[in-house]
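Please walk me through this structure, residue by residue where that helps. I would like the cut-offs behind each term stated along the way.

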Amino acid sequence: MNKALALISVLAFVGCTTKDFSSPGLDPIPGSITYSGQPRTKLTKSPPGSTFPHNFIDEWGQQVDETYMIQPDKSLKIVHREIRPIRFNR
């Protein structure tokens, strides 16, 4: 019984921490690489499924960290975005 409970707990934890990259992706915002459409240059050396970060400051002065995934057709999909206010040191 304890093993079954432990297995269920582990599966529930794993389910909470994994990211679902099968969704259509997030809508681009000003500053996103794909805001004006897909880039003209293709990432020919990067394999489909690989990811890379992109960081920028949005129009409200917040730091935006995005993660892009390369699709099989070499287009980009935003799979994660974190927006944080900029902190100024005094």
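Isoleucine 78 is in contact with Gly25, Leu26, Asp27, Pro28, Ser32, Thr34, Glu66, Thr67 and Tyr68, leaving aside its neighbours within four places in sequence; contact means heavy atoms within 4.5 Å. The model is predicted, and local features need pLDDT of at least 70, side-chain atom pairs count only at pLDDT 80 or more, and totals for chains, interfaces and linings use all residues. Residues are numbered from 1 along each chain as its sequence is written, and side-chain values use heavy atoms, with hydrogens and water left out.

Isoleucine 78 is found in strand S3. Strands (E, at least two residues) and helices (H or I, at least four) are DSSP runs, numbered from the N terminus. With a relative accessible area of 3%, isoleucine 78 is buried; buried means under 20% relative accessible area, exposed over 50%, and partly exposed in between, with a 1.4 Å probe and protein chains only. One of the contacts of isoleucine 78 is Glu66, and the C-alpha atoms of these two residues, twelve places apart along the chain, are separated by 6.8 Å. Tyrosine 68, also on the contact list, stands opposite isoleucine 78 in S3.

Three strands form an open sheet in the order S1-S2-S3, with antiparallel pairing; two strands pair if DSSP finds at least two bridges between them. The edge strands are S1 (51-57) and S3, each of which pairs on one side only. From one strand to the next the twist averages 20°, with axes taken as lines fitted to C-alpha atoms (for helices over the stretch in contact) and angles running from 0 to 180 degrees between N-to-C directions. In general, strands of a sheet pair through backbone hydrogen bonds, either parallel or antiparallel.

S2 and S3 (residues 76-85) run antiparallel and are joined by nine bridges. The two strands form a hairpin with five residues between them, and lysine 74 in the turn has a positive phi of about 70°. Glutamine 63 stands opposite arginine 84 in S3.

Which charged side chains link these strands? A search of the whole structure finds three salt bridges, a salt bridge being a side-chain nitrogen of Lys or Arg within 4 Å of a carboxyl oxygen of Asp or Glu. Arginine 84 forms one with aspartate 65, the closest N and O atoms being 2.2 Å apart. This pair links distant parts of the chain, with arginine 84 in strand S3 and aspartate 65 in strand S2, 19 residues apart. Aspartate 65 is buried, at a relative accessible area of 15%, whereas arginine 84 counts as partly exposed at 32%. Glutamate 66 and arginine 81 meet through their side chains in a salt bridge (2.9 Å, N to O). Glutamate 66 lies in strand S2 and arginine 81 in strand S3, so the pair ties together parts that are 15 residues apart in sequence. Glutamate 66 is buried, with a relative accessible area of 1%.

Arginine 84 also meets glutamate 82 in a salt bridge between their side chains (3.8 Å, N to O). Salt bridges that share partners join Asp65, Glu82 and Arg84 into one network. Glutamate 82 is partly exposed, with a relative accessible area of 36%.

Aspartate 65 lies in strand S2 (residues 62-70). Not counting residues up to four places away in sequence, aspartate 65 touches His54, Asn55, His80, Arg81, Glu82 and Arg84.
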